[in-house]
Amino acid sequence: QLTFIERALAVAKLEEMFQKPGAPLSQRELSARLNQGGYPVSQSHISRMFDALEHLLPAIPQVLYAGLGKPAIERLITLRRRAESTWNQYFGDAQQFALLWLEVLSTFEGEKPELDWSELQDELIAKMAMILNQTPRLLALEMHQEQRVSPDAANNAQPVPQRLENDPPRPSSEIVDASETFSELSK
C-alpha cells in the first residue's frame with residue numbers, strides 16, 4: 001500500500017545496498033536483482049522512479065506523499081522532457097532549465113494528491129517564453145511536435161508530416177490551427 005514515491009525511495013535504497021564500491025549498478029542490473037528477490041519491476045519503471053526522485057520530489061513532496069499516482073507522474077516526467085528538449089533548442093543550459101522546472105513545479109505544492117495539469121503546463125510555457133524571448137504559442141507547438149516525433153512517444157504515434165518544397169499546397173482542411181493544437185496540449 002505504498003505510494004509511488006515511497007516505492008521509488010525504497011528502490012533507490014536497494015540500489016545503494018546492491019551497489020559494490022567502484023562498480024556502478026545499471027538500471028537493468030538493478031531490475032534483474034529486484035526480480036530475483038521477488039519484486040518484479042522493469043528497467044523503464046525504475047527509470048521513471050528515479051526521474052520522480054530527481055525532478056519531482058524536491059518541488060512537490062507533499063503532493064507525492066499524498067499519493068500522486070503513476071499516470072500523473074509519468075505525465076509530469078513527459079512534460080518535463082518535452083519542455084527541456086524545446087528549451088535546449090534555444091538556450092541549451094540544462095542547469096538553468098532544471099531550476100526553472102523546480103521553481104514552476106513548486107508553486108503547485110499542496111497536500112492533495114492532484115495537480116492542475118493545464119495550469120502547470122501553461123505556467124511553465126509562459127516562464128519559458130519570457131526567458132527565451134519566444135511566444136508561448138510557438139513553444140507549445142514545438143513541445144507538441146516534440147511529443148509526436150519523440151522516441152518515447154507511443155508506438156502508434158505518427159510522425160508529423162513535413163511539406164517539401166515541391167509538394168502541392170495542402171488543402172485548408174489539413175492545416176492545423178495553432179490554437180487547436182495548444183488546446184490539445186492542455187488536455
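The structure is a predicted model, in which local features need pLDDT of at least 70 and side-chain atom pairs count only at pLDDT 80 or more, whereas totals for chains, interfaces and linings use all residues. Residues are numbered from 1 along each chain as its sequence is written, and side-chain values use heavy atoms, with hydrogens and water left out. Helices are DSSP runs (H or I, at least four residues), numbered from the N terminus.

**Packing of α6 and α7**

- Helix α6 (residues 94–106) packs against helix α7 (residues 117–132) at an angle of about 140°, and their axes are 10 Å apart. Axes here are lines fitted to C-alpha atoms over the stretch in contact, and angles run from 0 to 180 degrees between N-to-C directions.
- The two helices, α6 and α7, are therefore oblique to each other. Oblique covers the angles left over once those under 35 degrees (roughly parallel), over 145 (roughly antiparallel) and 65 to 115 (roughly perpendicular) are set aside.
- The crossing of α6 with α7 is right-handed, a term for a near helix turned clockwise from the far one by less than a right angle.
- On the α6 side, the contact (heavy atoms within 4.5 Å) involves Gln 96, Phe 97, Leu 100, Trp 101, Glu 103, Val 104 and Leu 105, which meet Leu 120, Glu 123, Leu 124, Lys 127, Met 128 and Ile 131 in α7.
- The residues of this contact comprise 9 nonpolar, 1 polar and 3 charged. In this scheme Ala, Val, Leu, Ile, Met, Phe, Trp, Tyr, Cys and Pro count as nonpolar, Asp, Glu, Lys and Arg as charged, and the others, Gly among them, as polar.

**Packing of α1 and α3**

- The axes of helix α1 (residues 4–18) and α3 cross at roughly 105° and come within 9 Å; α1 and α3 are therefore roughly perpendicular to each other.
- Residues of α1 in the contact include Phe 4, Ile 5 and Leu 9, and those of α3 include Ile 46, Met 49 and Phe 50.
- The contact of α1 with α3 divides into 11 nonpolar, 1 polar and 3 charged residues.

**Salt bridges**

- Side chains of opposite charge can pair when their charged atoms come close. With a salt bridge taken as a side-chain nitrogen of Lys or Arg within 4 Å of a carboxyl oxygen of Asp or Glu, the count comes to 6.
- Glu 74 pairs with Arg 48, their closest N and O atoms being 2.8 Å apart. This pair links distant parts of the chain, with Glu 74 in helix α5 (residues 70–90) and Arg 48 in helix α3 (residues 43–55), 26 residues apart.
- Arg 48, Lys 70 and Glu 74 are linked in a network of salt bridges.
- Arg 80 pairs with Glu 84 at 3.0 Å between the closest N and O atoms. The two residues are 4 apart in helix α5, so about one helical turn separates Arg 80 from Glu 84.
- Because Lys 127 lies in helix α7 and Glu 103 in helix α6, the pair ties together parts that are 24 residues apart in sequence.

**Accessibility and backbone**

- Relative accessible area (1.4 Å probe, protein chains only) is classed as buried under 20%, exposed over 50% and partly exposed in between.
- Arg 80 counts as buried at 6% relative accessibility.
- Glu 74 is partly exposed at 26%, as are Lys 127 at 24% and Glu 103 at 42%.
- Asn 133 lies in the loop between α7 and α8 (136–149) and counts as exposed at 68% relative accessibility. Its phi is near 55°, a positive value in a residue other than glycine.
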